[in-house]
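Subject: Structure handover

Hello,

Please find the structure below. My notes on it follow.

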Amino acid sequence: MTQPPSEPNPAVKGKNVWIIQSTAAAPSVSIPALAAQEAGKALGWKTTLYDAKGDPGNYTKGVSDAIANGANGIVLVAIDCTYVKNQLQQAKSRGIAVSEVYAFDCADTNPGSPRLFSADLSFGKRWKSLLDAWQQWGSDTAAWIISATKGRARPLVLHNEQIAVLISYQKGFEERMSQCKTCKTVNIPWDATTSGTPAALAALIKNASLQHPEINSSMFGSTVTSGYNQAILSLGAKAKQIKVIAGLGLPDEFNLIKAERGLNATTAWPQQWIGYAAMDSINSVLAGRPRRDEGIGWQIIDSTNPDQMPKGDTIWQGNGDFRSVYRTSWGVS
């Protein structure tokens with residue numbers, strides 16, 4: 001991370017922006033979506049928060065409804081372009097600004113395809129897209145494991161070839177691990193469709209541990225309470241011997257680290273700041289200004305920097321002053 005942008009970016013008034021979230025049931029989705037809605041209200045915009053409830057059919061319906069209701073901007077939260085490609089082509093033809101939170105553009109997942117996120121988050125000179133940032137995130141995760149195991153890492157990886165964000169994350173992880181000549185990754189194929197329940201994950205990880213007793217670490221590029229953490233804990237005494245880094249920096253993950261309950265570190269993303277960043281990017285595009293580096297990134301937090309952990313169940317901010325920085329920049333403070 002760097003800092004939220006502070007140069008003037010005056011709010012464009014009277015806009016209609018839809019925030020379409022894949023499922024409000026997931027905190028990593030609902031937290032940035034609600035923050036984007038909060039930012040929209042600060043900008044003086046009409047905002048609509050649409051919950052697709054995890055149904056891809058609702059992804060397309062949500063974008064179609066936004067277009068039909070005269071949206072000037074759309075924020076996709078954890079919905080990749082490939083799910084709503086036809087609708088986004090319509091949005092592009094109508095000059096609707098489209099931004100994203102945890103979502104990849106069609107050009108990211110299908111090289112050669114046109115870019116349809118016209119207001120995608122900018123990382124400035126740090127990374128050219130969220131795809132590159134995600135790969136660096138995976139690389140940093142591998143570096144933590146290599147350090148935690150003193151260069152003798154045998155990480156368990158639930159290898160997935162279905163979910164775009166995990167594929168990118170794994171690529172960065174594997175490239176960094178390959179540079180450690182005394183390390184060896186244990187890849188276990190994981191079908192999220194057929195083995196996505198907590199019970200299925202527990203069985204998968206337990207079998208992997210039995211077949212590969214050398215496993216001494218693990219990573220997971222998503223929220224840990226989806227069943228992953230329960231699966232690690234099901235290993236009993238073995239769970240305490242494995243160096244585990246996972247998650248997105250949600251409150252329950254910090255609680256697990258503090259309690260030493262099957263999680264040693266998390267790669268924390270500023271969940272609310274990224275919602276503000278998506279709306280700031282839309283504001284720039286609607287105003288005809290260049291997109292700017294939103295400062296978004298991540299920080300690895302473990303027992304060595306407990307001062308970075310939020311107290312209680314509060315949300316990790318990354319930068320506690322980001323709201324006032326954006327509002328001053330928009331001229332609405």
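**Disulfides**

Cys180 and Cys183 are joined by a disulfide, with an S to S distance of 2.0 Å; a disulfide here is a pair of cysteine sulfur atoms within 2.5 Å. The link of Cys180 and Cys183 is right-handed, with 55 degrees about the S-S bond. Cys180 counts as buried at 10% relative accessibility, and Cys183 is buried too, with a relative accessible area of 13%. Buried means under 20% relative accessible area, exposed over 50%, and partly exposed in between (1.4 Å probe, protein chains only).

Before the rest, the basis of these notes. This is a predicted model, in which local features need pLDDT of at least 70 and side-chain atom pairs count only at pLDDT 80 or more, while totals for chains, interfaces and linings use all residues. Residues are numbered from 1 along each chain as its sequence is written, and side-chain values use heavy atoms, with hydrogens and water left out.

The structure holds two disulfides. Cys81 forms the other one with Cys106, and their sulfur atoms are 1.9 Å apart. This pair links distant parts of the chain, 25 residues apart: Cys81 is in the loop between strand 3 (73-77) and helix 3 (85-93), and Cys106 is in helix 4 (residues 106-109). Helices (H or I, at least four residues) and strands (E, at least two) are DSSP runs, numbered from the N terminus. The link of Cys81 and Cys106 is left-handed, with -90 degrees about the S-S bond. Cys81 is buried at 0% relative accessibility, and Cys106 is buried with a relative accessible area of 1%. With the bonded cysteines numbered in sequence order, the pairing is 1-2, 3-4.

Strand 7 covers residues 217-220, and both of its faces are covered. Ser217 and Met219 on one side, and Ser218 and Phe220 on the other, are all buried. In a regular strand the side chains alternate between the two faces of the sheet.

Strand 7 pairs with strand 5 (residues 155-159) in the parallel sense, over three bridges; two strands pair if DSSP finds at least two bridges between them. Met219 in strand 7 is the bridge partner of Val157. Strand 7 also runs parallel to strand 8 (residues 243-246), and four bridges join them. There, Ser217 stands opposite Lys243 in strand 8.

**Thr267**

Thr267 lies in strand 9 (residues 265-268) and counts as buried at 1% relative accessibility. What does its side chain make a polar contact with? The partner is the side chain of Trp137, at 2.6 Å. A polar contact is a pair of N or O atoms within 3.5 Å; within protein, one must be able to donate a hydrogen and the other to accept it, and residues adjacent in sequence count only if both atoms are side-chain atoms. The Thr267 side chain also reaches the backbone oxygen of Gly247 at 3.1 Å. Not counting residues up to four places away in sequence, Thr267 touches (heavy atoms within 4.5 Å) Trp137, Thr141, Ile245, Ala246, Gly247, Leu248, Gly249, Gln299 and Ile300.

**Helix 1**

Helix 1 (residues 27-43) has 17 residues and should span 24 Å at 1.5 Å a residue, which agrees with its end C-alpha atoms being 24 Å apart. The expected span is 1.5 Å times one less than the number of residues. Of the 17 residues, 13 are buried, so helix 1 is largely enclosed by the rest of the structure.

Regards
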